[in-house]
Amino acid sequence: MPGGFDRVLAGWSAGGPVAYVEAEYFGGVGEQRAAVWEGGSLVLGPLHAEEGRPFPPAGSPVSRALRRLGVAAQAGEDEFSAVGLHRHRTSGGWVA
């Protein structure tokens with residue numbers, strides 16, 4: 001994550017939990033990073049799943065962060081899809 005951004009997220013979390021999630025994939029191969037702050041403190045992570053390594057039994061970094069925020073996925077989907085993050089494949093898609 002950008003330098004110093006962790007302090008910004010910690011400050012924002014005074015009003016409720018805040019997650020930083022990052023996923024970089026191309027052709028189904030990639031990596032993820034995530035962390036969660038609550039009440040001004042880091043409460044999960046930072047987590048990192050490296051390219052080519054399987055996710056641990058607890059799940060991917062992004063799924064774990066979203067669960068910490070209260071996201072509940074239904075059978076057959078993960079938390080990433082449950083909140084609609086799959087709808088846009090690029091950062092430009094989110095900005096538009």
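I take helices and strands as DSSP runs, helices of at least four residues and strands of at least two, numbered from the N terminus. The model I am reading is predicted.

**Fold.** I read the elements from the N terminus as α-β-β-β-α-α-α. That gives the chain four helices and three strands. I then looked up the radius of gyration, which is 14 Å; this is close to the 12 Å that the globule rule gives for 96 residues, so the chain is as compact as a globular protein of that length. Along the principal axes, I find the C-alpha atoms in a box of roughly 35 × 30 × 25 Å.

**Contacts and surface.** I looked at contacts between residues at least 6 apart in sequence, and 29% of them join residues at least 24 apart. I count 25% of the 96 residues as buried. The chain exposes about 6,300 Å², with 52% of that supplied by carbon and sulfur atoms.

**Charge.** I find 8 positive and 10 negative side chains. The centres of the two sets lie 3 Å apart.

**Cores.** Which residues make up the largest nonpolar core? I find six: L9, A10, V18, Y20, A35 and W37. Two or more residues of this core come from each of α1 (5–12), β1 (18–26) and β2 (29–38). Apart from this core lies another, of five residues, including A34, V36, L47 and A65. In soluble globular proteins, nonpolar side chains tend to be buried together.

**A35.** I checked what A35 touches, leaving out residues up to four places away in sequence. Its partners are V18, A19, Y20, L42, L44 and P46. Among them, V18 and Y20 belong to the largest core with A35.

Methods
Residues numbered from 1 in each chain as written. Predicted model: local features only at pLDDT ≥ 70, side-chain atom pairs only at ≥ 80, totals over all residues. Heavy atoms only, no water. Rg over C-alpha atoms; globule rule 2.2 N^0.38 Å. Buried < 20%, exposed > 50% of the residue type's maximum accessible area, 1.4 Å probe, protein only. Contact = heavy atoms within 4.5 Å. Areas by Shrake-Rupley, 256 points an atom, 1.4 Å probe, with all protein chains shown as cover. Lys, Arg positive; Asp, Glu negative; His and termini not counted. Charge placed at Lys NZ, Arg CZ, Asp CG, Glu CD. Core = buried A, V, L, I, M, F, W, Y, C linked by side-chain atoms within 4.5 Å.
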